[in-house]
Amino acid sequence: MTVPVVLGKPQPKQKEFMMATARYVAFGGARGGGKSWSVREKAKRLALKWEGIKILIIRKTYTDLRDNHILPLRAELPSELAPYKETDKAFCFRNGSRIKCSYFANDSDALQYQGQEYDVIFLEEATQFSELVFHVLKACLRGANDFPKRMYLTCNPDGIGFLWVKRLFVSRDYLPGENPDDFMFIQSLVDDNEILMRKNPDYVKQLDSLPEGMKERWRYGSWDVAEGQYFAEFRREIHTCEPFIIPKEWRRYISIDYGLDMLAAYWIAVDNSMNCYVYKELCQSDLPISAAAEAINGMRTADENIYCVLAPPDLWNRSQETGKSKALLFQEAGLTLTKSNNDREAGWLAIKELLRQDLEGNSRLHIFKTCTRLIKNLPELLRDPKRPTDTMNEPHDITHSPDALRYFAIYWVSPENNQIIKRVKYRADVLEDYFNATEEERQIIIKKYGGPPEI
Ligand SMILES: Nc1ncnc2c1ncn2[C@@H]1O[C@H](COP(=O)(O)OP(=O)(O)OP(=O)(O)O)[C@@H](O)[C@H]1O
Ligand SMILES: [Mg+2]
């Protein structure tokens with residue numbers, strides 16, 4: 001007995017999505033564009049066409065999964081053809097195909113899929129997940145068969161995954177090892193969902209009445225600014241620069257955040273006009289203190305004169321067992337630390353101060369493009385909804401690099417720490433002295449009068 005399945009009729013953008021053959025296809029980018037409908041429709045069609053195919057549909061919460069996928073699919077798929085097994089949350093087709101529905105309330109839920117094999121994965125509302133989930137799922141896309149291997153992602157410009165989805169599918173800013181041809185984005189706005197526009201015209205009015213920002217994102221699919229992004233002022237074109245050789249007379253600092261899970265260390269040089277250049281990055285996990293000190297010292301060049309190595313004050317807490325602090329252990333391992341300040345709010349504000357653009361569009365913080373982790377993590381930080389002046393501590397792995405920068409920024413903006421190189425106008429005799437001075441004498445002059453005028 002053959003059981004008829006009624007297939008839906010995709011609209012033009014949905015058709016484009018269903019025909020796409022890139023390995024990773026992202027769809028939507030605004031509310032109501034027909035994303036969830038397309039996921040169900042595509043999953044059904046794949047299951048019918050490829051006998052034995054393994055499909056996974058993922059949402060963030062069980063309620064979303066049930067309302068958008070399980071209940072509609074149960075209504076759309078005859079139970080003789082694809083009975084639903086509640087214990088597995090899976091539609092098991094008579095032809096051997098399977099659509100499993102799953103939800104990841106926490107990103108770490110993805111880890112339970114490590115080692116599993118799926119031919120096609122749908123990650124619904126991908127921007128609600130961190131990049132870790134994408135990487136774990138990518139590794140599940142495999143199987144010794146001829147079925148297509150593909151991941152379909154739907155998204156709105158929102159949530160903790162805003163930046164990685166934007167980078168891969170909208171900005172198309174790829175890292176070594178990523179193949180641009182693997183990524184495709186098909187935008188679909190509510191205007192592309194004519195059926196909804198016709199049947200429910202009030203929905204568009206609802207989107208039109210959203211507050212600015214939200215309306216830009218949900219109604220018009222703008223990816224310019226993430227909701228809740230803490231450093232919304234961060235712009236790659238303003239705040240990053242190509243590496244160059246740091247002039248000898250600029251004062252240099254190292255600023256670290258240390259934990260066994262991650263050592264993040266940054267080398268920062270300050271020019272005579274008080275611009276800060278983050279010029280070297282070291283991020284490594286699982287380093288005991290002696291190895292961390294060794295790694296930092298190993299990256300210092302022979303002629304690199306470091307003014308001080310800044311670190312958070314909790315490194316000075318004494319261990320109950322040994323009576324020694326981590327700062328002391330660093331010192332014993334050959335790296336003397338200077339205590340910075342861990343006032344989070346003041347620290348983040350200090351970074352904002354450095355990022356701020358003046359009327360001519362110049363800012364005081366410049367990060368060498370080689371410091372990839374800081375450039376990635378700084379704009380990823382989200383505002384903590386419970387304490388809007390602070391950032392969220394999740395996902396934790398993105399916090400280490402910004403924390404290290406924060407220990408520098410708060411130290412640096414405090415007047416007693418940056419006053420000595422505040423520039424004063426050189427008198428003619430001081431300028432002459434400067435030109436005739438040895439390198440050592442020049443340092444004394446800089447200490448007294450600040451850096452020389454740019455020549
Ligand atoms: N091709 C289609 N045929 C019939 N109805 C459709 C079609 N495409 C979308 N719809 C209907 O339009 C409405 C919105 O679609 P859908 O839920 O897929 O949008 P969405 O982009 O997932 O929305 P959201 O951003 O809220 O998650 C739903 O009622 C859906 O059933
Ligand atoms: Mg949806």
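1. Let's start with a pair of neighbours: strand β13 (residues 306-311) and β14 run parallel to each other, joined over two bridges. To see one of these for yourself, find Leu310, whose bridge partner in β14 is Thr338. Keep in mind as you look that this is a predicted model.

2. Now step back to the whole sheet. It is open, has seven strands and shows mixed pairing, in the order β9-β15-β12-β11-β10-β13-β14. Which strands stand at the edges? They are β9 (240-241) and β14 (338-339); each has a single partner strand, so one side of each is left without a neighbour in the sheet.

3. Helix α14 (residues 400-413) touches β10 (251-258), β11 (263-270), β12 (276-284) and β13. The direction of α14 makes about 135° with that of β10.

4. Next, the overall layout. The chain splits into domain 1 (12-218) and domain 2 (236-421), and their C-alpha centres are 38 Å apart. Five residues from domain 1 and four residues from domain 2 make up the contact. On the domain 1 side, the touching residues are three nonpolar, one polar and one charged.

5. Finally, have a look at ligand 1. How many residues lie around ligand 1? There are 17, and Arg31, Gly34, Lys35, Ser36 and Trp37 come nearest. Both α2 (35-49) and α6 (194-199) supply at least two residues of this shell, with the largest share, three residues, coming from α2. By class, the shell holds four nonpolar, 10 polar and three charged residues.

Notes:
Residues are numbered from 1 along each chain as its sequence is written. Chains are lettered from A and ligands numbered from 1 in the order in which they are written. This is a predicted model: local features need pLDDT of at least 70, side-chain atom pairs count only at pLDDT 80 or more; totals for chains, interfaces and linings use all residues. A residue is near a molecule or strand if its C-beta atom, placed from the backbone, lies within 6 Å of it. Helices (H or I, at least four residues) and strands (E, at least two) are DSSP runs, numbered from the N terminus. Ala, Val, Leu, Ile, Met, Phe, Trp, Tyr, Cys and Pro count as nonpolar, Asp, Glu, Lys and Arg as charged, and the others, Gly among them, as polar. Domain bounds come from an automatic or database domain assignment. Two residues are in contact if their C-beta atoms, placed from the backbone, lie within 7 Å. Two strands pair if DSSP finds at least two bridges between them. Axes are lines fitted to C-alpha atoms, for helices over the stretch in contact, and angles run from 0 to 180 degrees between N-to-C directions.
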